[in-house]
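Hello,

I am passing a structure on to you, with some notes on what turned up in it. Please have a look at it first and then read on.

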Amino acid sequence: MNRNPNRCPTHPGELLREDVIPATGKSKAEIARMLGVSRQHLHNLLAERKPVSPEIAVRLAKLFGNVPLVWVRMQGAYDAWHASREVDVSAIPTLSSKFGGSATA
């Protein structure tokens, strides 16, 4: 199944807020303590005001038993989707190369 390119990818904070943290049965304060971050930092992440940095991704992966790349990729998809809509690249040409890519924009 292909993802709709017009739909914004989920911010990792939303996934944490809506699914992951509630499934633990722990309070946000407990989660912040276990991650070794301030409650305010976690709150900003859950409110989607802060991105998941690689350092936070490592902490999340350890706490929730997955790998940092899960969180980094999720954040990267979210950031790239927004950047592709906010950054004007109309004056930048597309070069063709042996590394993939063509001269068409």
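The chain carries 14 positive and 9 negative side chains, and the centres of these two sets are 6 Å apart. Lys and Arg are counted as positive and Asp and Glu as negative, with His and the chain ends left out; each charge is placed at NZ of Lys, CZ of Arg, CG of Asp or CD of Glu.

Please keep in mind that this is a predicted model, where local features need pLDDT of at least 70 and side-chain atom pairs count only at pLDDT 80 or more, while totals for chains, interfaces and linings use all residues. Residues are numbered from 1 along each chain as its sequence is written, and side-chain values use heavy atoms, without hydrogens and water.

Now to the fold. The chain has five helices and zero strands, in the order α-α-α-α-α from the N terminus. Helices (H or I, at least four residues) and strands (E, at least two) are DSSP runs, numbered from the N terminus.

As for overall shape, the radius of gyration is 17 Å, whereas a compact globule of 105 residues would be near 13 Å. That radius is taken over C-alpha atoms, and the globule rule is 2.2 Å times the number of residues to the power 0.38. Along the principal axes, the C-alpha atoms fill a box of roughly 50 × 30 × 25 Å.

Of the 105 residues, 22% are buried (buried means under 20% relative accessible area, exposed over 50%, partly exposed in between, with a 1.4 Å probe and protein chains only).

Asn44 counts as buried because its relative accessibility is 15%. Beyond its neighbours within four places in sequence, Asn44 is in contact (heavy atoms within 4.5 Å) with Arg49 and Lys50. Just after α3, Glu48 has a positive phi of about 65°.

And what about Ser96, buried or exposed? Ser96 is exposed, because its relative accessible area is 52%. This residue sits in the segment after α5 (68–86). Between the C-alpha atoms of Ser96 and Ala61, which are 35 residues apart along the chain, the separation is 38 Å.

Best wishes
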